[in-house]
Amino acid sequence: MYLSRFLSIHALWVTVSSVMQPYPLVWGHYDVCKTQIYTEEGKVWDYMACQPESTDMTKYLKVKLDPPDITCGDPPETFCAMGNPYMCNNECDASTPELAHPPELMFDFEGRHPSTFWQSATWKEYPKPLQVNITLSWSKTIELTDNIVITFESGRPDQMILEKSLDYGRTWQPYQYYATDCLDAFHMDPKSVKDLSQHTVLEIICTEEYSTGYMTNSKIIHFEIKDRFAFFAGPWLRNMASLYGQLDTTKKLRDFFTVTDLRIRLLRPAVGEIFVDELHLARYFYAISDIKVHGRCKCNLHATVCVYDNSKLTCECEHNTTGPDCGKCKKNYQGRPWSPGSYLPIPKGTANTCIPSISSIGTNVCDNELLHCQNGGTCHNNVRCLCPAAYTGILCEKLRCEEAGSCGSDSGQGAPPPGSPALLLLPALLGTASPLLF
């Protein structure tokens, strides 16, 4: 009786669990590049599209600040408390670890109290603008998979631009504008991601949603990746096939979520009022406690592993591809043009493997059937002919004296007669064995 009850409960749990899955497992995670299957011809490799897992990409970035001396503490200076802008007895001192706020504190482990944070110098040179560029570089193409989240320890800036680069920082495009007044700051009408649609998902907007001063719980700024995914996959990202189909067929959409670098441009600190309080300029500065960027190495669906070695990310390419992004076919595997893998059809996708070049299909240099060694040569392990002293060449088809230019009528050596097996076989052989010549 107890066994039957247990089995009934187990069956019910399996049913409930399947219903509760956020999306059926059939759409796959693309975490395997190939697997062995059994066919009538025996075991063969079945290739499929594959990609690395999404991870915290801040572990692999390099950060650069401009101007480079914008971090507070050199020389030491005082600044006003975050919660009370008129309590101005806090100190930033780069020479004292407990009082220093270097850039790496934007990416360290949070959860401790008090939190650690990077901090800029104060706005002591007002009315000169207090502006900072924070550039995050990966030296590798990455695909964003979750929201970019910036947590400020100070008030969120009155004006900010998030930018992206696809060419390692040579050129930049805006991702999103942030302002307390979009029309005044950037001559743009304010919008939020909720105002977008499938047809306008690539529109660059200015939002006022994240730009308030010293208000409670007003520390976080988002760049919404998942909300944009949801225009294609639904609000719970259940219809991933639809999203993958769009990413496969729409290069602009795919490129929108792809970056090599990000740049946070802080243009005006949180003022909180209409006018700047020139008697208390130490209350104006930028401070960031955390930046989150989740994504994966872009490997064009030809790898599941991305290696971080010597401060560099590189895909471990499969499908006979090569390059940092698996963006070309390996030597001798250029039988058709390179192509990225495809997410479709669900769940395995299409690998689009590189296939051997025609010239590299042949593997034997010589054998005892079609590729005979000439002039008394003997075939060694099907990889080379062992030629008599007077002959050379792949099939011992050449006289050594010809290469030296010393053949004569009295040398007893002459060229093979026209139509000999050596000359007839040579063109075909060179076509199949040419890669071995390099």
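1. To start with a term: two strands count as paired if DSSP finds at least two bridges between them. Keep in mind that this is a predicted model. Strands β17 (residues 306–309) and β18 (residues 312–315) pair in the antiparallel sense over four bridges. Within that pairing, V307 has T314 of β18 as its bridge partner. Two residues sit between the strands of this hairpin, and N310 takes a positive phi near 55° there.

2. Next, have a look at helix α4, residues 240–249. Its buried residues are M240, L243, Y244, G245 and L247. They pack against α3 (226–233) and α5 (251–256).

3. You'll find Y86 in the loop between β5 (77–79) and β6 (90–92), and it is partly exposed at 47% relative accessibility. Leaving aside residues up to four places away in sequence, Y86 touches D277, H280 and R283. Y86 and R283 are 197 residues apart along the chain, yet their C-alpha atoms are separated by 7.3 Å.

4. Two of those contacts also meet each other: D277 forms a salt bridge with R283, with the closest N and O atoms 3.9 Å apart. D277 is buried at 19% relative accessible area, and R283 is buried at 2%.

5. The count of salt bridges comes to 14. One of them joins R263 to E163, with 2.7 Å between the closest N and O atoms. That pair links strand β14 (residues 258–268) with strand β10 (residues 159–165), the two residues being 100 apart. R263 is buried at 17%, and so is E163, at 7%.

Terms used. Residues numbered from 1 in each chain as written. Predicted model: local features only at pLDDT ≥ 70, side-chain atom pairs only at ≥ 80, totals over all residues. Heavy atoms only, no water. Buried < 20%, exposed > 50% of the residue type's maximum accessible area, 1.4 Å probe, protein only. Contact = heavy atoms within 4.5 Å. Salt bridge = Lys/Arg side-chain N within 4 Å of Asp/Glu carboxyl O.
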